[in-house]
Amino acid sequence: ANRFTGYYYDRFPNLVAHGYDELVKLVDFWLYEIKDEGFSNYIDMYIKDELDPYTDGRAITRFRELLAK
């Protein structure tokens with residue numbers, strides 16, 4: 001539903017679904033429409049530095065290392 005529109009993650013295009021129909025469209029987009037270059041561009045433009053400064057797929061490893069200290 002449109003209950004939580006306008007929140008932080010809504011700033012990122014194609015990231016948050018507000019309802020079933022939108023969810024179906026987003027899943028289709030991320031699984032079938034976006035190409036590798038488009039995905040890399042999305043990560044660089046919206047995710048890197050904003051949500052994850054590394055975007056290297058090693059976040060859980062860094063988290064485990066931090067917990068082990």
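Predicted model: local features only at pLDDT ≥ 70, side-chain atom pairs only at ≥ 80, totals over all residues.
Biologist: In what order do the elements of the protein chain run from the N terminus on?

Modeller: The protein chain has three helices and zero strands. Helix H1 covers residues 20-33, while H2 covers 36-47 and H3 covers 59-68. From the N terminus on, the order is α-α-α.

Biologist: What is the radius of gyration of the protein chain, against what the globule rule gives for 69 residues?

Modeller: Along its principal axes the C-alpha trace spans about 45 × 30 × 20 Å. The elements run α-α-α. The globule rule gives 11 Å for 69 residues, and the chain is well over that, so it is more spread out than a compact globule; its radius of gyration is 15 Å.

Biologist: What percentage of the 69 residues count as buried?

Modeller: A residue is buried when its relative accessible area is under 20%. The chain exposes about 5,900 Å², of which carbon and sulfur atoms supply 56%. Of the 69 residues, the share that counts as buried is 14%.

Biologist: Which element has the lowest mean pLDDT, and which the highest?

Modeller: For the protein chain the mean pLDDT is 93, and 99% of its residues reach 70 or more. Among the elements, the lowest mean, 94, belongs to H3, and the highest, 97, belongs to H1.

Biologist: Which residues form the nonpolar patch on the surface?

Modeller: One member, Val24, lies in helix H1. Val24 has 42% relative accessibility and therefore counts as partly exposed. Together the patch residues have about 660 Å² of accessible area, and they are Tyr20, Leu23, Val24, Val27, Leu31 and Tyr32.

Biologist: With which residue does Arg11 form a salt bridge?

Modeller: The structure holds four salt bridges. In the one made by Arg11, the closest N and O atoms are 2.7 Å apart, and the partner is Glu50. This pair links distant parts of the chain, 39 residues apart: Arg11 is in the segment before H1, and in the loop between H2 and H3 is Glu50.

Biologist: Are Arg11 and Glu50 buried, partly exposed or exposed?

Modeller: The cut-offs are under 20% for buried and over 50% for exposed, with partly exposed in between. Arg11 has 52% relative accessibility, so it counts as exposed. Glu50 has 39%, so Glu50 counts as partly exposed.

Biologist: With which residue does Glu65 form a salt bridge?

Modeller: Glu65 is partly exposed because its relative accessibility is 43%. The closest N and O atoms of the pair are 4.0 Å apart, and the partner of Glu65 is Arg58.

Biologist: Which residues do salt bridges that share partners join into one network?

Modeller: Arg58 is partly exposed, with a relative accessible area of 39%. The network is made up of Asp52, Asp56 and Arg62. Within it, the side chains of Asp56 and Arg62 meet at 3.1 Å, N to O. Asp56, at 40% relative accessibility, counts as partly exposed.

Biologist: What is the phi of Asn14, and what is that of Thr55?

Modeller: Asn14 lies in the segment before H1, and Thr55 is found in the loop between H2 and H3. Asn14 counts as partly exposed at 34% relative accessibility, as does Thr55 at 26%. Each has a positive phi in a residue other than glycine: for Asn14 the value is near 60 degrees, and for Thr55 the value is near 45 degrees.

Biologist: Where is Gly57 found, and what separates its C-alpha atom from that of Asn41?

Modeller: Gly57 is found in the loop between helix H2 and helix H3. With a relative accessible area of 72%, Gly57 is exposed. Gly57 and Asn41 are 16 residues apart along the chain, and their C-alpha atoms are separated by 16 Å.

Biologist: What separates the C-alpha atoms of Leu67 and Leu51?

Modeller: Leu67 lies in helix H3. Its relative accessible area is 59%, so Leu67 is exposed. Leu67 and Leu51 are 16 residues apart along the chain, and the separation of their C-alpha atoms is 20 Å.

How values were computed. Residues numbered from 1 in each chain as written. Heavy atoms only, no water. Patch = residues over 30% accessible without salt bridge, like charges linked within 9 Å, V, L, I, M, F, W, Y side chains within 5 Å. Areas by Shrake-Rupley, 256 points an atom, 1.4 Å probe, with all protein chains shown as cover. Helix = DSSP H or I, 4+ residues; strand = E, 2+ residues; numbered from the N terminus. Buried < 20%, exposed > 50% of the residue type's maximum accessible area, 1.4 Å probe, protein only. Rg over C-alpha atoms; globule rule 2.2 N^0.38 Å. pLDDT = per-residue confidence, 0-100.
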